[in-house]
Amino acid sequence: MSYTASAMREQLPNQVAQALFSRILGPRKRSTANRLLEFPARRVRRFWAAHGDPLITHRIGGHDLLMPLSSDLPIILTKWPHYATNLVRLATIKTADHENTAIVDIGSNVGDSVALLRTALSSPILCVEGDELFVGLLRRNMRYVADVEIEEAFVKTSSDDVERVQSVSRQAGTAALVPSASGLPLARPVRSLSEILDSHARFSSPGFIKIDTDGADSQIIINNQDIFTRSRPVVFFEFDPILAARIGCENPYRAIEALAEVGYDGALVYAHTGELMLASRAIEMPLWRDLERYILTHGPGQYYDIALFHSDDHELFERVTATEREYFNDMARRHRW
């Protein structure tokens with residue numbers, strides 16, 4: 001898709017909004033005065049985000065990414081420095097022996113995952129994003145990032161997606177598919193993952209798939225099981241039963257069962273802040289129910305990042321597990337009270 005010069009000019013950061021957000025982020029060690037000023041700045045941000053939502057930039061992975069003021073991403077990255085670093089480490093180890101391993105990023109948003117991945121690897125990346133706002137920002141942000149293709153579409157989560165899901169809900173700088181009439185009308189097509197990958201020849205058999213769709217992750221896996229059966233990629237996705245329930249998925253751990261059925265047997269579970277929680281076998285269903293119960297008990301905002309490995313990648317799983325444990329063991333030693 002081409003963008004006119006006037007449309008590109010509209011995609012510029014608002015300097016006042018930028019200054020406001022800088023006030024909110026502030027230095028880690030803030031004076032009492034700065035903390036007092038931060039509270040009204042946050043209230044102004046919420047109001048402005050709900051009435052116009054201007055654009056700002058934030059530097060991620062060496063790239064100044066354009067994003068809406070409503071995005072919580074800069075706050076998350078500042079508050080939790082390990083957020084998304086697990087994705088980079090796992091993808092780097094996966095692609096170490098095969099530099100051209102294809103990576104698919106479903107729910108690319110403004111391209112923050114790609115920016116982080118590009119700090120460590122040069123493998124080709126396919127970004128899949130359907131939200132009209134984020135597609136424009138993604139294309140703008142990826143202009144100077146090498147070897148990136150973009151698919152402007154939502155991924156089907158069932159055979160009746162077009163009829164069942166017709167709206168997009170945006171909040172905190174993310175977008176999610178929701179039941180009809182609950183949000184904004186779709187401006188991009190809904191396509192099966194197979195159709196999308198067939199449209200991008202280099203990605204027909206990806207080695208690494210990351211999914212972050214604010215609730216639809218499990219359904220995408222369940223309804224595209226053929227891709228995982230054939231290509232057997234490492235799968236990195238969010239496990240969030242609360243968001244899943246919003247789109248009608250009452251059994252999100254069915255995704256793990258579906259992958260176990262086609263040979264996935266290694267799992268790494270991370271807290272939503274990026275720290276490794278445990279390594280396990282994918283078929284241990286009581287474990288996933290325990291993890292789900294913890295989220296349901298603590299309410300919205302809690303979720304896990306899960307990386308699943310096929311049995312063909314058993315040696316890779318063992319190597320990644322050892323590396324991740326050592327990484328966080330070292331951190332624990334340095335932060336021991």
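Reply: A charge sits over a ring if NZ of Lys or CZ of Arg is within 6 Å of the ring centre and within 35 degrees of the ring normal. Arginine 89 meets this with tyrosine 327: it lies over the face of the ring, at 4.1 Å from the ring centre. The model is predicted.

Start with the sheet. It is open and has eight strands, in the order β5-β4-β3-β11-β12-β15-β13-β14. The pairing is mixed. At the edges are β5 (148–152) and β14 (276–280), each pairing on one side only. Neighbouring strands are turned against each other by 15 degrees on average, direction ignored.

One pairing in detail. Strands β3 (residues 103–106) and β4 (residues 125–129) run parallel and are joined by four bridges. Isoleucine 106 has valine 128 in β4 as its bridge partner.

Now the helices. Helix α5 (residues 85–95) packs on the sheet. Its contacts are with β3, β11 (208–211), β12 (234–239), β13 (264–271) and β15 (304–310). The direction of α5 makes about 165 degrees with that of β11. Nine of the 11 residues of α5 are buried, so the helix is largely enclosed by the rest of the structure. The buried residues are Asn86, Leu87, Val88, Arg89, Leu90, Ala91, Ile93, Lys94 and Thr95. Arg89, then, is buried, and this is the residue placed over the face of tyrosine 327.

Helix α15 (residues 314–334) lies across β12, β13, β14 and β15. It runs at about 20 degrees to β13.

Next, the rings. The whole structure holds three aromatic pairs. One of them joins phenylalanine 309 and phenylalanine 317: the centres are 5.4 Å apart and the planes stand at 50 degrees, so the pair is tilted. Phenylalanine 309 has 1% relative accessibility and therefore counts as buried. Phenylalanine 317 also counts as buried, because its relative accessibility is 10%.

Tyrosine 327 and phenylalanine 328 form another pair, this one edge-to-face. Their centres are 4.9 Å apart, with 80 degrees between the planes. Phenylalanine 328 is buried, with a relative accessible area of 10%.

Phenylalanine 328 is its edge-to-face partner, and arginine 89 lies over its face.

Technical notes
Residues numbered from 1 in each chain as written. Predicted model: local features only at pLDDT ≥ 70, side-chain atom pairs only at ≥ 80, totals over all residues. Heavy atoms only, no water. Pairing = 2+ DSSP bridges. Helix = DSSP H or I, 4+ residues; strand = E, 2+ residues; numbered from the N terminus. Axes fitted to C-alpha atoms, helices over the stretch in contact; angles between N-to-C directions. Contact = heavy atoms within 4.5 Å. Buried < 20%, exposed > 50% of the residue type's maximum accessible area, 1.4 Å probe, protein only. Phe/Tyr/Trp six-rings, centres within 6.5 Å; stacked < 30°, edge-to-face > 60°.
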